Amino acid sequence: MQFPSPVSLQWIAEFIGAKLLGNVNGNATGINEIHKVEKGDLVFVDHPKYYDKCINSAASFIIINKEAAVPEGKALLIVDNPFEAYCKIANHFRPFEPSTKVQSDSATIGEGSFIYPTAFIGNHVIIGKNCIIYPNVSIMDHCIIGDNVIIQSGTVIGSDAFYYNTKKDREMWYKKMPSCGRVIIEDEVEIGAGCTIDRGVSHDTIIGKGTKMDNMIHIGHDTITGKNCLIAAQVGIAGVVTLEDGVTLWGQVGVNKTLTIGANAVIFAQSGVGKDTAGGKVYFGSPIEDAKEKMKELVWIKRIPELWEKVMGKSSAT
Amino acid sequence: MQFPSPVSLQWIAEFIGAKLLGNVNGNATGINEIHKVEKGDLVFVDHPKYYDKCINSAASFIIINKEAAVPEGKALLIVDNPFEAYCKIANHFRPFEPSTKVQSDSATIGEGSFIYPTAFIGNHVIIGKNCIIYPNVSIMDHCIIGDNVIIQSGTVIGSDAFYYNTKKDREMWYKKMPSCGRVIIEDEVEIGAGCTIDRGVSHDTIIGKGTKMDNMIHIGHDTITGKNCLIAAQVGIAGVVTLEDGVTLWGQVGVNKTLTIGANAVIFAQSGVGKDTAGGKVYFGSPIEDAKEKMKELVWIKRIPELWEKVMGKSSAT
Amino acid sequence: MQFPSPVSLQWIAEFIGAKLLGNVNGNATGINEIHKVEKGDLVFVDHPKYYDKCINSAASFIIINKEAAVPEGKALLIVDNPFEAYCKIANHFRPFEPSTKVQSDSATIGEGSFIYPTAFIGNHVIIGKNCIIYPNVSIMDHCIIGDNVIIQSGTVIGSDAFYYNTKKDREMWYKKMPSCGRVIIEDEVEIGAGCTIDRGVSHDTIIGKGTKMDNMIHIGHDTITGKNCLIAAQVGIAGVVTLEDGVTLWGQVGVNKTLTIGANAVIFAQSGVGKDTAGGKVYFGSPIEDAKEKMKELVWIKRIPELWEKVMGKSSAT
């Protein structure tokens with residue numbers, strides 16, 4: 001999330017009760033979680049395993065629970081509980097803003113766009129020109145919809161990320177991390193019925209221009225699809241995934257978090273994508289393999305009984 | 001889609017700017033895409049690979065981008081862009097008709113049927129007797145619901161087909177083909193929560209009498225189920241599929257497009273159906289096989305290490 | 001379902017036209033289907049295969065279609081069609097109660113809870129304190145939501161069970177069994193967008209304290225999750241399942257009915273759970289196996305060609 005204007009580190013340090021080290025006169029331009037940090041950002045880290053990664057990331061200002069050496073131009077904000085501090089800042093700049101109307105007065109609807117009754121349009125939503133938003137769609141606060149976008153019934157744009165601070169030594173293991181990012185739907189995108197697209201935890205979830213999505217597709221937080229992707233029904237994509245341009249995912253494919261699928265890759269139905277995947281090829285299986293290799297493998301499996309009989313003798317094969 | 005009354009070919013030729021060859025005095029009774037054509041229909045074809053198939057299909061009148069021999073009684077309508085011509089005709093006879101009320105004045109609701117608040121009922125919808133339509137259901141224009149039908153919350157009836165004209169040499173690869181078909185839900189059908197049933201591209205999607213569907217099931221365009229089918233949660237069925245009577249699909253099964261599953265077939269959970277499947281049998285796997293054979297295969301796979309040790313020697317097996 | 005107060009067996013016998021045998025002066029405290037019976041309950045049985053199981057279950061009073069020996073303190077209610085008798089009783093005590101408002105007057109909403117417009121709240125629903133119920137959510141009659149619960153857009157709480165009386169020798173094979181149970185969501189639970197949680201057939205579906213659910217998760221009737229479970233997107237859980245505390249299910253997992261997954265078990269994405277599963281371990285596959293064993297198996301399959309070449313000779317391996 002970008003702040004409305006740069007915020008002085010000294011104000012932030014006071015707000016969260018932090019000891020400030022390093023570039024104490026800096027100004028933060030936004031706050032992001034580690035997967036999406038940019039220069040000028042605040043980030044937080046509370047586990048020693050990730051101290052170095054965060055301190056040396058693109059982020060300029062690090063909320064941390066231990067003193068450490070500060071790289072040139074950066075600052076550390078030292079607190080006991082960096083996660084709570086992060087939440088306090090995120091909630092301050094993106095507070096819960098109740099809606100009492102089905103279509104918020106602060107939403108902007110472009111010329112030629114039609115919103116069906118029972119579609120909910122949240123606060124600060126921007127919808128472009130010549131869109132159709134079908135019944136029982138929910139477009140939550142701050143989301144941005146381009147021109148010529150069609151969203152079929154029952155779809156949810158901007159649900160919260162499934163993203164928790166986990167500690168198993170307390171009564172409630174999972175604490176919600178506030179989602180202060182947005183969903184951005186680019187021009188010419190069409191989204192089927194019953195889809196759910198989560199907002200970014202701190203950055204944006206983006207559906208690229210001309211991408212077409214079938215029904216009941218789940219898109220996790222901070223995921224970005226390229227242009228002209230084609231996503232069939234019941235596909236699930238976890239958080240922080242990148243689909244490059246022209247990727248095709250057939251029905252019921254699952255994609256694990258924080259990975260990239262290369263341009264023009266095709267993933268056959270019911271496959272599971274567990275790691276970075278090169279573009280321009282066809283894949284199948286759970287976990288995926290080159291589709292032709294996977295098909296051959298299925299034939300090889302059928303040859304085991306013949307092999308067994310040859311090696312072990314006829315009577316043993318039952 | 002059937003036209004309200006037969007339409008003269010000469011009017012159509014003028015409307016889409018086509019050169020007319022063959023039976024120039026004919027009248028078209030409807031327009032359909034190639035999977036569902038009937039006598040009297042207009043159809044379109046723009047790829048040389050499918051010229052013969054379309055010209056020799058049941059359709060009487062072919063919108064095409066090249067001159068060709070015309071079979072007796074048929075006519076060709078020659079235009080530069082048959083897809084655009086098809087869309088122009090479909091949109092003329094089935095124009096976008098905005099709804100400003102949650103329940104359209106042109107909808108008909110049968111005696112004893114109850115519609116919950118926040119359920120959306122579109123234009124020209126017909127609902128039979130003694131139905132229950134739960135909250136946040138969306139029933140889109142022209143769909144037909146029989147008697148004693150129950151539709152649980154959040155389900156969408158009549159979302160558009162996921163069906164695009166694809167050309168990868170232009171900026172936007174996928175162009176939407178208008179869905180002018182309907183969804184027909186026959187008597188005694190029960191549909192769970194959060195399902196999506198797409199309308200036919202040009203014909204009808206039909207759920208057969210007495211069929212019961214669990215939650216979050218996706219049914220593609222122009223798919224037809226028989227009587228007394230049982231479909232468990234999270235099943236996805238692509239377009240133009242036929243389920244014959246009494247088919248059972250267990251949870252999370254995926255069914256590929258344009259295939260038939262025979263009467264009383266049973267498909268175990270998480271299976272993938274990729275081709276025509278004979279009735280009266282039990283199947284499992286992705287892709288499916290006879291369930292017993294598939295179970296045996298799983299046992300055979302476990303025997304590979306023993307085989308390896310016998311052939312390659314103990315030390316090699318790690 | 002518990003009755004509002006104990007009901008005399010003699011009244012019930014007269015109401016359903018039953019012959020009463022055994023403890024004829026008893027009072028029933030509730031009615032349940034066989035998976036969930038307690039002392040004082042009515043239950044029904046119509047298939048000889050289950051006569052003994054029902055008569056000797058925890059239930060005190062058995063609606064049955066044949067005379068049999070009655071255990072001490074119990075009673076039999078003999079009718080021609082026990083299923084119809086069960087439905088008559090269930091519908092009498094839990095009749096269909098239409099809602100004409102988006103938020104029922106009989107619902108109770110706790111302090112600090114916010115209900116978005118277009119969320120539907122049914123009759124006798126109880127919502128605790130500091131909850132957020134997002135747009136287009138449906139919470140159906142009699143469901144109970146604890147404190148600090150968040151339910152994202154489009155989710156359905158309390159859809160009917162997918163539970164039918166099946167007889168294939170009549171025109172309509174499947175007859176709906178009325179769902180008179182509830183859904184209970186405990187404190188600190190968070191539920192994503194587009195989920196569906198079915199009510200119990202006769203008992204309660206329960207989501208345990210602090211459990212977090214991602215989007216598009218299906219939970220079947222009478223299923224119970226423990227505390228601090230983590231359920232990722234597009235998971236489907238059938239009816240009468242028990243997840244013990246701290247279970248993690250990754251995306252698109254399927255869980256078959258009437259089974260238990262032990263505490264702290266982790267099931268990897270796209271797996272299928274078909275039987276009782278011990279806690280504290282990690283599983284993968286469809287059907288699931290120990291995850292490490294399954295990973296090894298995938299490596300063994302890749303060695304078949306080498307084995308084939310060694311045994312059958314090079315030229316045969318194509």
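Residues are numbered from 1 along each chain as its sequence is written, and chains are lettered from A and ligands numbered from 1 in the order in which they are written. Since this is a predicted model, local features need pLDDT of at least 70 and side-chain atom pairs count only at pLDDT 80 or more, while totals for chains, interfaces and linings use all residues.

Start with how the chains relate. Chain C can be laid on chain B by a turn of 120° and a shift of 0.0 Å along the axis, with an RMSD of 0.1 Å; that is the relation of a three-fold axis. Chain A goes onto chain C with a rotation of 120°, 0.0 Å of shift along its axis and an RMSD of 0.1 Å. The superposition is by least squares on the C-alpha atoms of residues with pLDDT of at least 70 in both copies.

Chain A holds 5 helices and 34 strands, where helices (H or I, at least four residues) and strands (E, at least two) are DSSP runs, numbered from the N terminus. Its C-alpha trace spans about 80 × 55 × 40 Å along the principal axes. Of the 318 residues of chain A, 54% are buried; a residue is buried if 20 or more other C-beta atoms lie within 10 Å of its own, exposed if 12 or fewer, and partly exposed in between, with C-beta atoms placed from the backbone. Two residues are in contact if their C-beta atoms, placed from the backbone, lie within 7 Å. Among contacts in chain A between residues at least 6 apart in sequence, 26% join residues at least 24 apart.

Chain A splits into domain 1 (2–93) and domain 2 (108–291), with bounds from an automatic or database domain assignment. The centres of the two domains of chain A, taken over C-alpha atoms, are 29 Å apart. Across the boundary, 9 residues of domain 1 of chain A are in contact with 10 residues of domain 2 of chain A. On the domain 1 side, helix H3 (residues 82–93) of chain A gives the most, with 4 residues. By class, that side has 4 nonpolar, 3 polar and 2 charged residues; here Ala, Val, Leu, Ile, Met, Phe, Trp, Tyr, Cys and Pro count as nonpolar, Asp, Glu, Lys and Arg as charged, and the others, Gly among them, as polar.

Between chains, the contact takes 38 residues from chain A and 35 residues from chain C. Strand S15 (156–159), strand S17 (174–176), helix H4 (291–302) and helix H5 (304–312) of chain A each supply at least two residues of the side that touches chain C. The largest share, 4 residues, comes from H5(A). That side of chain A divides into 17 nonpolar, 15 polar and 6 charged residues. As for chains C and B, 38 residues of chain C meet 35 residues of chain B, and H5(C) gives the largest share of the chain C side, 4 residues.

An open sheet of 8 strands runs in the order S9-S12-S15-S20-S23-S26-S29-S32 (chain B), with parallel pairing; two strands pair if DSSP finds at least two bridges between them. Strand S9 (120–121) and strand S32 (272–273) of chain B sit at the edges with a single partner strand each, so one side of each is left without a neighbour in the sheet. Further in, 2 bridges join strand S26 (residues 236–237) of chain B to strand S29 (residues 254–255) of chain B, and B:Ile237 stands opposite B:Val255 in S29(B).

Helix H1 (residues 9–16) of chain C has two faces. Its buried residues are C:Leu9, C:Ile12, C:Ala13 and C:Ile16. They cover an arc of only 100° around the axis, which puts them on the same side of H1(C); the arc is that of the directions from the helix axis to the C-beta atoms. C:Trp11 and C:Glu14 are exposed on the other side of H1(C). The cover over the buried residues of H1(C) includes strand S1 (2–8) and helix H3 (82–93) of chain C. After H1(C) comes C:Gly17, with a positive phi near 65°.

Most residues other than glycine have a negative phi, and most peptide bonds are trans. The peptide bond from A:Ser286 to A:Pro287 is cis, with omega near 0°, and A:Pro287 is in the loop between strand S33 (282–284) and strand S34 (289–290) of chain A. B:Asp222, not a glycine, has a positive phi of about 65°; B:Asp222 is buried, with 28 other C-beta atoms within 10 Å.
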